[in-house]
Amino acid sequence: MIKQVVRVFGEKAMFFLHEAGSYSLLTIRTIAAIPLVFRRFRLTSEQMLMMGVASLPLVLFTSVFTGAVSAVQAAYQFRGYVPMRYLGTAVGKAVIIELGPVLTALVVAGRVGAAIAAELGTMKVTEQVDALETLALDPVKYLATPRLVSGLVMLPVLTIFSNFVAILGALFVSIFFIDITAYTFLNGVKLFFDLKDLFGGLLKSFFFGGIIATVGCYHGFRTYGGAEGVGLSTTRAVVLASVLILISDYIIASILFG
Amino acid sequence: MIQATTLNAGQAVAESAIRIVNLHKRLNGKPVLNGVDLVINRGETLTIIGRSGEGKSVLLKHIIGLMKPDSGSVYIDGIDITRISNKELAEVRRRFGMLFQGAALFDSMTVDENVGIGLREHTDMAEEKIRAIVKEKLAQVGLFNVETVKPAELSGGMKKRVGLARAIAMDPEIVLYDEPTTGLDPINADAINNLILHLKNSLKITSIAVTHDMVSAYKISDRIAMLYGGRIIYSGTPEEIRNCDNPIVQQFINGQARGPITDGDNNPGNG
């Protein structure tokens, strides 16, 4: 019984180490090819369009409601304890440091991380990845690196839009439903505003962009078994990217704000 | 009758473009290639036949370095590609063209981009010249005015032709065909066979095809080799293979449901 438990535990540990090692190797190879990205910048710009511009409407839509609900929740908790002139401060800090970067990353992980895994997975099972290799083109340089660079650049850009629109959403709710003037709310936002918060949030989103792209590529490249395999890879990519986003969020926050 | 070619690593074969020596590969713990020895001479068309799942495509992928063997060697003009770096392998691959079973065209690219990808990535040719070459290669495979079309808009036969145009776009010395006629109607299949013959005669390339379509194998091959039980059990000209007395080969080429293959006779040395 104990022997079997140890064996199962050992197999799981070996599997985890193998996965972690393979993912790390792919990430290192993808990063190492970044200097070559300008040779084929069209590939990167196409990914930026898909990852950034095409994701913008969804990010803006979710951000408006994120800002709105954070204003409602903060006002509920403040009532009777904290003056409402600090509502903008609380909402602004929460959005810029945490909600903007993390929720944008989770939305993009669902949309783009899944798309990367599905696209590369389909390419793998239809032998398009093999075809690239037979044409003496490295799939990591050709497919993964443009997606990584795109993620690293576009996630912070999307997060800036998200921050702005979330604060607008909170402002709207504050004016029309909480009965605070725009002046009071925006003064609150400015009150304890610190550039470190903004850059800390953007640094998080930079890492989140890298995670979404590399996890999508990793699961895409190791897809096998046809449509079922593509479906599995897509699910795994979204789940792993979301988990890694939340773990790295804690680690980066602890380093920057701890 | 020519029995399966067995070679030692050091044996020199002046005419050979490709030599496969004692190749072994296991997939998911199951032996797929179990000591394959094969020589492909320069300029010849060799067809590897065998049942589905016998390891024909796996063998083809070893020849172009898409898979690494557990043991054994694949020599391309004397270079053992199983023991070279990825960079060196990329150089060797530039001498190859490959037509995949499902054509493996890049969905996101047009026909022009698919056929011209190697030229655009590996040469400094002017765009006009690349477009002219793409047009010429498409004409060689019988396609006209499809440059701006995406693969999804093409029929199966047209996809194979575009795949073939892409395979020959860089003027390769060796072309690999993975099930070139699978999934095509007999007329389209014959058209692909004619194209393979035309390319062989006009470009003098070395060709290796894997197929279980015997009509195609007889038509395009200078030599046919049969893969069974992870080894090449017989190799000869189409005429020789038709007349050979190996019961395994005879069962396969005549498409008989009963015989040593299906009766569980798994002794590849028989014959």
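Where in chain B is B:Ala103 found? In this predicted model, B:Ala103 sits in the loop that links strand 6 and helix 3 of chain B. The residue stands out for its backbone: B:Ala103 is not a glycine, yet its phi is positive, at about 75°. B:Ala103 counts as buried because it has 27 C-beta neighbours inside 10 Å, and the cut-off for that label is 20 or more.

A second residue in chain B shows a backbone of this kind. B:Asp171, again not a glycine, has a positive phi of about 50°. Its place is the loop between helix 5 (156–168) and strand 7 of chain B. Here the surroundings are another matter: B:Asp171 has 11 C-beta neighbours inside 10 Å and so counts as exposed, since the label applies at 12 or fewer.

Both loops lead on to the sheet of chain B. Six strands make up this open sheet, in the order 6-7-8-3-9-10, and their pairing is mixed. Strand 6 and strand 10 (231–236) of chain B form the edges, each of them pairing on one side only. From one strand to the next, the twist averages 20°. As for how such sheets are held together, strands pair through backbone hydrogen bonds, either parallel or antiparallel. One pairing can be picked out by residue: B:Phe96 has B:Ile174, in strand 7 of chain B, as its bridge partner.

Elsewhere in chain B, B:Ser57 belongs to helix 1 (residues 56–63) of chain B. With 21 C-beta neighbours inside 10 Å, B:Ser57 counts as buried. Once its neighbours within four places in sequence are set aside, B:Ser57 is in contact with B:Asp178 and B:Val210.

Chain A is built on another plan. Chain A has nine helices and zero strands, so that its elements, from the N terminus on, read α-α-α-α-α-α-α-α-α. Along the principal axes, the C-alpha atoms of chain A fill a box of roughly 65 × 55 × 30 Å. Of its 258 residues, 43% count as buried. Among the contacts in chain A with a separation of 6 or more, 88% come from residues 24 or more positions apart.

One helix pair of chain A deserves a look. Helix 1 (residues 2–32) and helix 6 (residues 139–176) of chain A have axes that come within 9 Å and cross at roughly 85°, which makes helix 1 of chain A roughly perpendicular to helix 6 of chain A. On the helix 1 side, the contact is made by A:Leu26, A:Arg29 and A:Thr30; helix 6 of chain A brings in A:Val140, A:Ala144, A:Thr145 and A:Leu148. By class, the residues of this contact split into four nonpolar, two polar and one charged.

Finally, the two chains meet: 15 residues of chain B are in contact with 10 residues of chain A. On the chain B side, helix 2 (86–93), strand 6 (96–99) and helix 3 (111–122) each supply at least two residues. Helix 3 of chain B gives the largest share, four residues. Sorted by class, the side of chain B that touches chain A has nine nonpolar, three polar and three charged residues.

Methods:
Residues are numbered from 1 along each chain as its sequence is written. Chains are lettered from A and ligands numbered from 1 in the order in which they are written. This is a predicted model: local features need pLDDT of at least 70, side-chain atom pairs count only at pLDDT 80 or more; totals for chains, interfaces and linings use all residues. Two residues are in contact if their C-beta atoms, placed from the backbone, lie within 7 Å. Ala, Val, Leu, Ile, Met, Phe, Trp, Tyr, Cys and Pro count as nonpolar, Asp, Glu, Lys and Arg as charged, and the others, Gly among them, as polar. Axes are lines fitted to C-alpha atoms, for helices over the stretch in contact, and angles run from 0 to 180 degrees between N-to-C directions. Angles under 35 degrees count as roughly parallel, over 145 as roughly antiparallel, 65 to 115 as roughly perpendicular and the rest as oblique. Two strands pair if DSSP finds at least two bridges between them.
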